[in-house]
Amino acid sequence: MLDLELINDPVRWNRMVASLPVTSALQSWGWGEVKKLSGWIPERVAVYEGERLVAAAQLLRKGYAGPLSMLYAPRGPALADLSYLSRVAEALKAWAKGAVYLKLEPEIGQPATEAAPRWPGLIQEETIQPEYSIWLDLTAGPETLLAGMSSMHKRNTKLAEKRVVTSIEGPEAFEEFWRLFVETNQRAKLMQHSKDYYRTVLQEMNQPEGKAFISISRQEGQALAAGLFVAFAGRVDYLYGGSTREHSEAKAPNGMHWGAIRWGIEHGYRIYDLWGVSASSQGSHAAGIDRFKEGFGGVRVRFPAYDLPLSPLYGPVKKALRLRKDLRNWRARGTTRDVLGG
């Protein structure tokens with residue numbers, strides 16, 4: 001028997017989430033505050049077996065037509081062990097309150113080539129967050145990480161150390177980050193949220209147990225590449241970034257990442273998450289981005305998603321959501337294929 005408790009204290013919540021071995025920054029209090037800007041309502045539920053904390057689920061509720069809604073745990077729930085997933089999902093039915101389905105994306109980080117594990121009662125489904133990423137082991141240290149890069153990335157990273165000045169900054173660098181981010185998205189035909197959304201990420205993810213920052217590379221004072229990162233529970237996540245095509249010989253994107261990697265090492269983080277690659281870069285809209293991230297070495301990992309249907313309307317609602325996503329993709333890029341498909 002699992003017991004549920006609603007948590008309303010951000011400090012207590014983040015300590016719970018950070019204490020669990022299967023966890024993510026997207027289960028932190030700050031991320032729930034960020035997602036309010038997109039119409040999601042966060043509900044934070046601790047799950048106990050006796051006195052032991054076995055899960056912490058930040059459930060984001062999104063309303064559809066009329067009384068219809070869904071519940072979604074981005075890169076969650078946080079778990080004491082993956083074996084608890086089915087039982088936790090079953091217990092969370094009590095929190096459904098009319099939701100059509102519950103979507104779970106536990107931070108498994110399994111090898112990308114392995115089949116996704118299955119759990120009773122849960123249907124493997126498409127993810128909302130990127131299903132694949134590349135993880136670097138920060139505990140290996142800078143020299144080993146540099147040695148693990150492709151020969152071109154190693155060369156470009158060393159060039160960047162000489163040609164750009166990279167620093168770790170906060171809100172003071174936001175406007176430079178934003179300009180480069182927008183320029184890159186327009187060039188790649190990628191969708192984005194409002195400017196306030198990314199400013200809120202930088203603000204809210206500076207929270208108990210966590211940190212948000214901008215790594216920015218400049219040449220003679222001109223910002224050439226910048227990324228927005230969040231750090232939580234042993235990981236540094238690269239969420240958003242951009243660069244200009246000017247002064248490409250400076251290799252500023254390499255410098256920007258290398259600066260964040262070194263910051264993570266210096267502050268005792270274990271994993272650097274490059275956040276979002278395709279299953280295979282072959283034929284992907286994001287193939288160029290994939291190849292750049294692959295150049296850093298590391299391992300390709302996977303985060304499967306699972307749905308728990310809670311209503312007979314589950315099938316029709318899922319089809320409607322897929323059609324809406326296809327339409328958005330077509331308007332943005334002239335294809336229904338997802339950016340990280342493949």
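Colleague: Where is the place of Pro77?
Modeller: Pro77 sits in the loop between strand S4 (69-73) and strand S5 (78-79). Helices (H or I, at least four residues) and strands (E, at least two) are DSSP runs, numbered from the N terminus. This is a predicted model, in which local features need pLDDT of at least 70 and side-chain atom pairs count only at pLDDT 80 or more, while totals for chains, interfaces and linings use all residues. Residues are numbered from 1 along each chain as its sequence is written, and side-chain values use heavy atoms, with hydrogens and water left out.

Colleague: What kind of peptide bond joins Gly76 and Pro77?
Modeller: The bond between Gly76 and Pro77 is cis, with omega at about 5 degrees.

Colleague: Changing topic, what is the order of the strands in the open sheet?
Modeller: The order is S7-S15-S9-S14-S13-S12-S11-S10, which makes an open sheet of eight strands with mixed pairing. Strand S7 (110-111) and S10 stand at its edges; each has a single partner strand, so one side of each is left without a neighbour in the sheet. Two strands pair if DSSP finds at least two bridges between them.

Colleague: How many bridges join S10 to S11?
Modeller: Strand S10 (residues 165-169) is joined to S11 by five bridges, and the two run antiparallel. Within this pairing, Glu169 has Ile214 of S11 as its bridge partner.

Colleague: And how many bridges do S11 and S12 have?
Modeller: S11 and strand S12 (residues 222-232) pair over 10 bridges, again in the antiparallel sense. Gln219 is partnered by Gln222 of S12. The hairpin of S11 and S12 has two residues between the strands, and Glu220 there takes a positive phi near 50 degrees.

Colleague: Why is S11 largely enclosed by the rest of the structure?
Modeller: Strand S11 (residues 210-219) is largely enclosed because eight of its 10 residues are buried. Buried means under 20% relative accessible area, exposed over 50%, and partly exposed in between (1.4 Å probe, protein chains only).

Colleague: Which way does S13 run against S12?
Modeller: Strand S13 (residues 235-243) runs antiparallel to S12, and eight bridges join them. Ala226 stands opposite Gly242 of S13.

Colleague: Now Gln129: is it buried or exposed?
Modeller: Gln129 is buried, with a relative accessible area of 13%. Its place is in the loop between strand S8 (123-125) and strand S9 (132-137).

Colleague: Which residues is Gln129 in contact with, leaving aside its neighbours within four places in sequence?
Modeller: They are Leu26, Tyr72, Pro74, Arg75, Glu105 and Trp275. Contact means heavy atoms within 4.5 Å.

Colleague: Where is Trp275 found?
Modeller: Trp275 lies in the loop between strand S14 (271-273) and helix H9 (287-294). Trp275 is buried, with a relative accessible area of 9%. Although Trp275 is a residue other than glycine, its phi is positive, near 60 degrees.

Colleague: What is the phi of Glu209?
Modeller: Glu209 has a positive phi of about 75 degrees, although it is not a glycine. Glu209 belongs to the loop between helix H7 (195-204) and S11. With a relative accessible area of 43%, Glu209 is partly exposed.

Colleague: Last one: which residues in H5 meet H8?
Modeller: On the H5 side they are His153, Asn156, Thr157, Ala160 and Glu161. They meet Asn254, Gly255, Trp258 and Arg262 in H8.
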